[in-house]
Number of protein chains: 2
Amino acid sequence: MTDDPKTIAFVVYPGLTPLDLVGPLQVLSALAQLDPRFRTVVVGATKDTVGTDTPLRIAPSHTFDEVPSPFAVLVPGGGAPTLRAMADDRLLAWLRTAAGRAELVTSVCTGSLVLGAAGLLDGKQATTHWMFRDLLPAVGATPVARRWVEDGEVITAAGVSAGIDLALHLAERLAGRQVAVSIQFAVEYDPEPPQGALDRANQPDEALKPMREHILRDGLAENPALLAKLLAHA
Amino acid sequence: MTDDPKTIAFVVYPGLTPLDLVGPLQVLSALAQLDPRFRTVVVGATKDTVGTDTPLRIAPSHTFDEVPSPFAVLVPGGGAPTLRAMADDRLLAWLRTAAGRAELVTSVCTGSLVLGAAGLLDGKQATTHWMFRDLLPAVGATPVARRWVEDGEVITAAGVSAGIDLALHLAERLAGRQVAVSIQFAVEYDPEPPQGALDRANQPDEALKPMREHILRDGLAENPALLAKLLAHA
């Protein structure tokens with residue numbers, strides 16, 4: 001007799017950055033193929049197709065209501081639409097319930113701001129896209145500049161592509177190193193960034209602050225209290 | 001007066017590996033934001049939602065008919081469904097016409113087998129997922145074991161995650177190093193594979209040959225001639 005598979009739920013909302021979602025989804029769907037103790041699902045308010053910040057449109061496999069008690073949750077990030085998701089009551093209500101029951105609560109990029117808006121980062125160490133990292137205290141978290149940050153059941157990843165590293169780390173935590181290496185072979189994850197490593201000394205933090213403020217004001221135009229809270233840390 | 005934007009068309013077909021598509025789509029959609037000479041579109045036989053090899057469903061932004069003359073084409077890969085795409089007359093017909101007019105013809109993973117099935121790899125050096133690389137001569141190409149292989153207007157990438165590297169290379173080729181580095185910051189592409197680099201000496205080539213044959217027979221069950229051609233190289 002075996003338990004039902006442990007469900008890893010990937011959250012969809014309109015306008016997200018699809019690589020935040022698809023990087024870890026591909027890795028952990030490979031985990032589910034290699035280890036039938038796990039399954040992946042993509043959850044949203046409805047199963048309707050929604051837009052992303054690229055021309056691709058995407059659709060969940062399940063509604064929030066159909067997945068009330070996942071084993072793990074992953075929230076992807078994005079720009080202004082992710083800030084709007086920080087004030088999406090339906091999304092936040094599901095997230096609070098699901099995360100309360102889940103053994104792992106994870107995010108990629110600014111998805112951690114959504115976790116924070118749901119009250120799930122209080123007193124936690126966390127990370128997010130470098131451009132938004134110093135906003136984390138506004139949602140109760142202590143920012144850490146790492147590729148991914150593990151604080152108990154909460155694991156947050158840096159920007160966009162960091163979700164792949166997070167997911168391979170999770171695969172090892174859940175199923176061991178050998179399975180994680182098999183997945184790494186399956187997705188041939190042997191990166192050769194053509195421009196080399198990021199030159200953090202030349203990271204355009206200050207130069208992009210006006211753009212960041214524009215994104216905040218765009219995403220939170222209808223939520224002046226939350227906007228003010230974030231701008232106080234900006 | 002400016003020309004219309006140069007269109008980079010990402011091909012969708014049922015059952016593909018979404019990271020093959022979304023990695024480069026995210027990178028080149030960022031290029032389009034930074035450099036309005038370019039735009040990205042996602043093309044398919046129809047705009048209907050199709051499945052992938054994960055629980056995510058996806059939908060194109062345009063039909064093949066709406067994008068007859070793209071500047072660049074990218075074909076993502078996958079498992080058995082990609083082999084079925086090698087015999088999809090509608091997809092191949094569009095690809096031959098579009099690629100004939102395009103300045104760049106690209107693929108990720110086994111997407112190169114689809115390019116080859118369309119007759120677009122004759123006499124070209126190319127690559128694909130490591131597990132399928134020795135099948136490339138069956139579609140007229142000379143296999144090369146590199147992260148991406150550039151042979152004139154044809155650029156092919158290795159498996160799945162290699163599409164991100166391919167796309168950052170393309171961004172530099174199209175818009176220069178500074179723009180490519182800005183995109184790299186935007187997607188925070190500073191990989192830290194948790195299990196380290198792939199240990200190619202322990203790549204399970206021989207161990208996976210039965211699985212590969214199963215994928216070939218599954219995908220090409222209705223195309224015995226193509227199946228025999230590929231098995232002759234397997």
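Contact here means heavy atoms within 4.5 Å, and helices (H or I, at least four residues) and strands (E, at least two) are DSSP runs numbered from the N terminus. The model is a predicted one, in which local features need pLDDT of at least 70, side-chain atom pairs count only at pLDDT 80 or more, and totals for chains, interfaces and linings use all residues. Side-chain values use heavy atoms, with hydrogens and water left out, residues are numbered from 1 along each chain as its sequence is written, and chains are lettered from A and ligands numbered from 1 in the order in which they are written.

Helix 8 of chain A spans residues 224-231, with A:L226, A:L227 and A:L230 buried.

Turning to the two copies, chain B can be laid on chain A with an RMSD of 0.0 Å by a turn of 180° and a shift of 0.0 Å along the axis, with the superposition made by least squares on the C-alpha atoms of residues with pLDDT of at least 70 in both. The copies are thus related as by a two-fold rotation axis. In chain B, the C-alpha nearest this axis belongs to B:I58, at 2.2 Å.

A sheet also joins the chains: it is open, has four strands in the order 3(A)-4(A)-4(B)-3(B), and pairs in the antiparallel sense. Strand 3 (50-51) of each chain forms an edge, pairing on one side only. Between them, strand 4 (residues 57-59) of chain A pairs with strand 4 of chain B over three bridges, at least two being required for a pair. A:A59 has B:R57 as its bridge partner.

The interface takes 60 residues from each chain and buries about 5100 Å², of which carbon and sulfur atoms give 59%; this is the accessible area (1.4 Å probe) lost on being put together, summed over both parts. B:F185, B:E188 and B:Q195 supply 18% of the area that chain B buries against chain A, more than any other three residues. Four salt bridges cross the interface (a side-chain nitrogen of Lys or Arg within 4 Å of a carboxyl oxygen of Asp or Glu), including that of A:D190 with B:R200 at 3.5 Å, N to O.

Definitions and conventions: Buried < 20%, exposed > 50% of the residue type's maximum accessible area, 1.4 Å probe, protein only. Buried area = accessible area lost by both parts, 1.4 Å probe.
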